[in-house]
Amino acid sequence: MRYAIISDIHSNLEALQAVLKTIEQEKIDKIVCLGDIVGYGPNPNECLDLVKRSCEIILTGNHDFACIENSELFYFNQYAKQAIEWTLTELSREKLNYLSNLKLDAKIENYYLVHSSPYDPRSWDYILSLDEAIFNFSKFNENICFIGHSHHPIIYIEYLENNILKYNLKVVNKLQLDENERYIINVGSVGQPRDGNPNAAFAIIDSSNQVYELKRVNYDINKTYQKMISVDLPQFLADRLLMGR
Ligand code: ZN
């Protein structure tokens, strides 16, 4: 089975369409979405419709969750909060209802899927360091955990050396996964990359040979940028798309 794993679309329709086009060419069997479909960008309705139509499994992210749970906005910075408030003026009751029914985590084959962290999916903790990854390796049973949330693609590895558990991290676009090792893999962001590369990111995992691949796809960033400015979303959020920061 070939899976495409997409995350953090953030209402960026142009990025999502470009990613889905690439996925079509990659002969993918199933698409999985790790959440944050909305927030930040200008096309929440269109992105929700497209994700609903394309993905087999769809999880909730903190931005999706904040649309239905207002108290969550307390943890958001002013730009993220402003974007959610704008998003709420766009989404129908039916769409909000749909968001409220998304799950926090899921399992497919030997993969554990969650937006933020295995430790407590609902607390929206970030895994930003090897120490945070080490803590989280004991919080799921599967060999491989796929996450999003930070918008930074990275692979954390747990392996045995002389019967002692060791840990490592890698930032690579392709990796042959080893059945004797465990992994926490951040698949990056479709709609708001922050690793210095403005191109949309998503991942492919082939369960027949366990080859992992991170894909980068360019899209019409200027179109998304102009839409954001025209609906008065924060300039800061539009600017960061151009830089991938
Ligand atoms: Zn996000």
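In the predicted model, the zinc ion is held by four residues: Asp8 (OD), His10 (NE2), Asp36 (OD) and His151 (NE2) coordinate the ion at 2.0 to 2.4 Å. Along the chain, these donors follow the spacing D-x1-H-x25-D-x114-H. Asp36 is found in the loop between strand S2 (30-33) and H2, and His151 in the loop between strand S6 (144-147) and strand S7 (154-161), so the pair ties together parts that are 115 residues apart in sequence. The angles among the four donor atoms run from 85 to 175 degrees, and the site is irregular. For four tetrahedral donors, the ideal angle at a metal is 109.5 degrees.

Helix H2 (residues 44-54) also takes part in a helix contact. Its axis comes within 12 Å of the axis of helix H5 (residues 93-100), and the two cross at roughly 50 degrees, which means that H2 is oblique to H5. The crossing is left-handed. H2 contributes Asn45, Leu48, Asp49 and Lys52 to the contact, while H5 contributes Glu94, Lys95, Tyr98 and Leu99. Of these residues, four are charged, three nonpolar and one polar.

A further contact joins helix H7 (residues 221-230) and helix H8 (residues 235-243), whose axes come within 9 Å and cross at roughly 175 degrees. H7 is therefore roughly antiparallel to H8. On the H7 side the contact is made by Ile221, Asn222, Thr224, Tyr225, Met228 and Ile229, and on the H8 side by Gln235, Leu237, Ala238, Asp239, Leu241 and Leu242. Eight of the residues in this contact are nonpolar, three are polar and one is charged.

Terms used. Residues are numbered from 1 along each chain as its sequence is written. This is a predicted model: local features need pLDDT of at least 70, side-chain atom pairs count only at pLDDT 80 or more; totals for chains, interfaces and linings use all residues. Side-chain values use heavy atoms; hydrogens and water are left out. Axes are lines fitted to C-alpha atoms, for helices over the stretch in contact, and angles run from 0 to 180 degrees between N-to-C directions. Helices (H or I, at least four residues) and strands (E, at least two) are DSSP runs, numbered from the N terminus. Angles under 35 degrees count as roughly parallel, over 145 as roughly antiparallel, 65 to 115 as roughly perpendicular and the rest as oblique. A crossing is left-handed if the near helix is turned anticlockwise from the far one by less than a right angle, and right-handed if clockwise. Contact means heavy atoms within 4.5 Å. Ala, Val, Leu, Ile, Met, Phe, Trp, Tyr, Cys and Pro count as nonpolar, Asp, Glu, Lys and Arg as charged, and the others, Gly among them, as polar. Donors are N, O and S atoms within 2.8 Å of the metal (3.2 Å for Na, K and Ca); water is not among the atoms, so sites may look incomplete. Four donors count as tetrahedral if all angles lie between 85 and 135 degrees; four count as square planar and six as octahedral if opposite donors are over 155 degrees apart and all others between 65 and 115; anything else is irregular.
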